[in-house]
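Have your viewer open and try each task before reading on.

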Amino acid sequence: MRHAILWTLCWGLIAADLVEVTPLGADRILVHIDEGHVIHHGKGQKRSAERVVLTPVDPIRASDPGTYRLASADDPRYAEPRAPVQVGRKAKGTDFAWLVESWDQAANRAININPDHAKEHWITLVLPEAMTPGCRYTLDLGGLVEPGTVAWTWDPATSRSEAIHVNLIGYRLDAREKFAYVYAWLGDLGHLDVRSLVGRPFHLIDQVNRKKVFTGAVAFRAPFDQAETGHASDSPPHGNFLKADVAECDFSTFTTPGRYVVSVDGLGCSFPFTIAADIYREPFRTVARGLYHN
């Protein structure tokens with residue numbers, strides 16, 4: 001991730017930290033925060049020995065546009081630091097302790113006073129004006145987490161966007177269909193507007209020479225309320241798991257082996273992936289060895 005900023009969490013040394021800051025297009029920034037972890041019981045230990053190491057994120061400050069400031073020495077529109085015009089947040093529990101301090105028989109669930117899980121937060125900052133490609137920006141996080149500032153250069157060809165999804169294993173040369181998908185659910189802000197991207201160019205960019213080797217147009221794929229399951233009694237709203245409109249980037253006709261990213265103009269790029277004749281050899285070997293040794 002050349003222009004994305006990534007921190008690896010040091011479990012046991014810190015609780016809450018900034019995991020990643022990535023542009024979510026020219027006019028949005030995604031801030032990913034992990035507020036803690038669980039020290040799980042080991043062999044010979046009781047489950048009650050589990051402990052949550054936690055520095056909770058203040059949801060009010062995290063959702064306040066005044067917490068953040070974006071500045072740039074290259075972009076005159078951000079010569080003076082500016083706050084986002086809107087903030088969206090989504091959070092989910094990502095590490096859980098085996099903690100039962102009391103039991104609610106009626107609700108059939110544990111009631112805990114002490115923390116029993118840690119969450120991760122994804123905070124979307126909607127900018128007052130779109131970033132300019134090639135300009136370097138610095139985001140001040142207002143002391144919400146450490147480190148307190150992050151800098152990057154906005155470039156749709158190299159700045160990874162969480163909204164662009166590819167097959168990370170890769171694609172076979174002779175695959176009849178090769179797609180990347182564009183979607184994101186932004187919590188309080190609902191889903192990313194991908195309908196406005198329809199018809200916009202996307203590119204395959206060779207990771208060796210950084211050249212565009214294929215260009216297509218973004219097409220609409222499916223609406224956020226299209227049912228994906230027939231299990232109406234045990235499904236999310238509308239029976240849709242993404243909760244977001246989906247667009248597609250079709251590069252099925254491209255058959256040159258190599259290492260690439262999909263880049264969408266004004267949005268950013270995907271994780272790198274490989275196109276090769278034997279792309280599934282290593283996953284097959286891993287699965288076969290797992291079955292054999294099991």
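## Exercise 1: Cysteines

Cys269 is buried, with a relative accessible area of 3%; buried means under 20% relative accessible area, exposed over 50%, and partly exposed in between, using a 1.4 Å probe and protein chains only. Before going further, note that this is a predicted model, in which local features need pLDDT of at least 70 and side-chain atom pairs count only at pLDDT 80 or more, while totals for chains, interfaces and linings use all residues. Residues are numbered from 1 along each chain as its sequence is written, and side-chain values use heavy atoms, with hydrogens and water left out.

Task: find how many disulfides there are, taking a disulfide as a pair of cysteine sulfur atoms within 2.5 Å.

Solution. 
- Step 1. Start from Cys269: the nearest cysteine sulfur, that of Cys249, is 12 Å away, and Cys269 is in no disulfide.
- Step 2. Move to Cys135, which is buried because its relative accessibility is 11%. Its closest cysteine sulfur is the one in Cys269, at 18 Å, so the gap is too far for a bond.
- Step 3. The count by this rule comes to zero disulfides.

## Exercise 2: Backbone angles

Task: locate the cis peptide bond that ends at Pro147, then inspect phi at Arg210 and Lys243.

Solution. 
- Step 1. The bond from Glu146 to Pro147 is cis, and its omega is near -5°. Pro147 sits in the loop between strand 11 (136-140) and strand 12 (149-153); strands are DSSP runs of E with at least two residues, numbered from the N terminus.
- Step 2. Arg210 is not a glycine, yet its phi is positive, at about 65°. Arg210 belongs to the loop between strand 16 (201-206) and strand 17 (212-217), and counts as partly exposed because its relative accessibility is 42%.
- Step 3. Lys243, also a residue other than glycine, has a positive phi near 60°. Look for Lys243 in the loop between strand 18 (219-222) and strand 19 (246-250); at 33% relative accessibility, Lys243 counts as partly exposed.

## Exercise 3: The surroundings of Asp188

Task: is Asp188 buried or exposed, and which residues is Asp188 in contact with, leaving aside neighbours within four places in sequence?

Solution. 
- Step 1. Asp188 is in the loop between strand 15 (179-182) and strand 16. Its relative accessibility is 56%, so Asp188 counts as exposed.
- Step 2. With contact meaning heavy atoms within 4.5 Å, the partners of Asp188 are Ser63, Gly88 and Arg89.
- Step 3. A polar atom of the Asp188 side chain lies 3.2 Å from the backbone nitrogen of Arg89.

## Exercise 4: Core and sheet

Task: which residues have the most contacts inside the largest nonpolar core, and in what order do the strands of the open sheet come?

Solution. 
- Step 1. A nonpolar core is a set of buried Ala, Val, Leu, Ile, Met, Phe, Trp, Tyr and Cys residues joined through side-chain atoms within 4.5 Å. The largest has 28 residues, and Val182, Phe251, Val262 and Phe273 have the most contacts inside it.
- Step 2. Strand 20 (258-264) is one of the elements giving two or more residues to this core; with three residues, strand 20 gives the most.
- Step 3. Two strands pair if DSSP finds at least two bridges between them. Four strands form the open sheet in the order 13-15-19-18, with antiparallel pairing.
- Step 4. Strand 13 (164-165) and strand 18 are the edge strands, each pairing on one side only.
- Step 5. Strand 13 is joined to strand 15 by two bridges, and Ile164 stands opposite Val182 in strand 15.

Technical notes
A polar contact is a pair of N or O atoms within 3.5 Å; within protein, one must be able to donate a hydrogen and the other to accept it, and residues adjacent in sequence count only if both atoms are side-chain atoms.
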